[in-house]
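I opened the model and kept notes on helices, their packing and a few single residues. The entries follow in the order in which I looked things up.

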Amino acid sequence: MDDEERLKRFVARRDVGDVAGARREWEALIEADFDRIAGLVALQARGKLSAHERDEAVQRAIVRVWRNMISTFAGTSVGEWINAVRTCAGFAVADVQREAARRSERETALEAAAEYRWSAVAGQEHRREAERADARGFVEWSLPQMRNARQRLVVERSLDGVPAEEIAAELAVSLPNLYQLRSRGLKDLAKLKELYDA
């Protein structure tokens, strides 16, 4: 059976109000014309869509023809059927193009935001590394310049992360005495920092 015969059967059932019969004939027409619908989409999509997007447009066109066109198609000839399907294919291609453009804009915006965040993180990390290098340079320069050897040892061990109790045991001093040595040593470091920065 050809398209013209299928279309006549659909029109006859539609015109007498046989909704279920018209639906069966419509489905048979779509099933028989699947390749034609896919071809019309491919023709409309030429150079505009990727292969994946073209497949998506074919699916949308089939669904649109199957669901919507049955209630809006008033034609009786194969030419009218082909024109209606061509219009549906064009709309499906346009819909997929719009979606792809929106998706591309979102992806571009997300990539730009991620790139900005990564550059900001990299900049912060670079700044922190420079600050750490500067602090290491200052400590290496300033510790030998501290006059009080005990204060120097307390500050050096404190900067190494050694607990106060352990330092106090090494030096055989009380914790309050250790805290006083550390406080004075840090004040000396602050004075040396002014010289170092100048």
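**Entry 1: Asp3**

I placed Asp3 in helix α1, residues 3–16. Helices here are DSSP runs of H or I with at least four residues, and strands are runs of E with at least two, numbered from the N terminus. I noted that this is a predicted model, in which local features need pLDDT of at least 70 and side-chain atom pairs count only at pLDDT 80 or more, while totals for chains, interfaces and linings use all residues. Residues are numbered from 1 along each chain as its sequence is written, and side-chain values use heavy atoms, with hydrogens and water left out.

Is Asp3 buried or exposed? I found Asp3 buried, at a relative accessible area of 15%. The cut-offs are under 20% for buried, over 50% for exposed and partly exposed in between, with a 1.4 Å probe and protein chains only. I then listed the contacts of Asp3 (heavy atoms within 4.5 Å). Leaving aside neighbours within four places in sequence, they are Leu29, Ala32, Asp33, Arg36 and Val78.

**Entry 2: helix α3**

I checked the length of α3, residues 34–45. Its 12 residues should span 16 Å at 1.5 Å a residue, and the end C-alpha atoms are 16 Å apart, which agrees. The expected span is 1.5 Å times one less than the number of residues.

Which residues of α3 are buried? I got Ile37, Leu40, Val41 and Ala45. Seen down the axis of α3, these buried residues fall within an arc of 130°, so they line one face of the helix. The arc is taken from the directions from the helix axis to the C-beta atoms. As background, an α-helix has 3.6 residues a turn, so residues three or four places apart point the same way. After α3 I came to Gly47, which has a positive phi near 80°.

**Entry 3: Gln97**

I looked up Gln97 in helix α5, residues 78–142. Gln97 counts as partly exposed, at 31% relative accessibility. Leaving aside neighbours within four places in sequence, I found Gln97 in contact with Lys48 and Leu49. From Gln97 to Glu111 there are 14 residues in sequence and 21 Å in space, C-alpha to C-alpha.

I took Ala149 in α6 next. Ala149 is partly exposed, with a relative accessible area of 44%. Ala149 and Ala100 are 49 residues apart in sequence and 71 Å apart in space, C-alpha to C-alpha.

In α6, I found Gln151, Val154 and Val155 buried. They cover an arc of only 95° around the axis, which puts them on the same side of α6. The cover over the buried residues of α6 includes α7 and α8.

How do α6 and α8 cross, and at what angle? The axes of α6 (residues 149–159) and α8 (residues 175–197) come within 8 Å and cross at roughly 90°. That makes α6 roughly perpendicular to α8. Roughly perpendicular covers 65 to 115 degrees; under 35 is roughly parallel, over 145 roughly antiparallel and the rest oblique. Axes are lines fitted to C-alpha atoms, for helices over the stretch in contact, and angles run from 0 to 180 degrees between N-to-C directions.

**Entry 4: Ala172**

I ended in the loop between α7 (164–171) and α8, where Ala172 is found. Ala172 has a positive phi of about 55° although it is not a glycine. Most residues other than glycine have a negative phi. Ala172 counts as exposed, at 70% relative accessibility.
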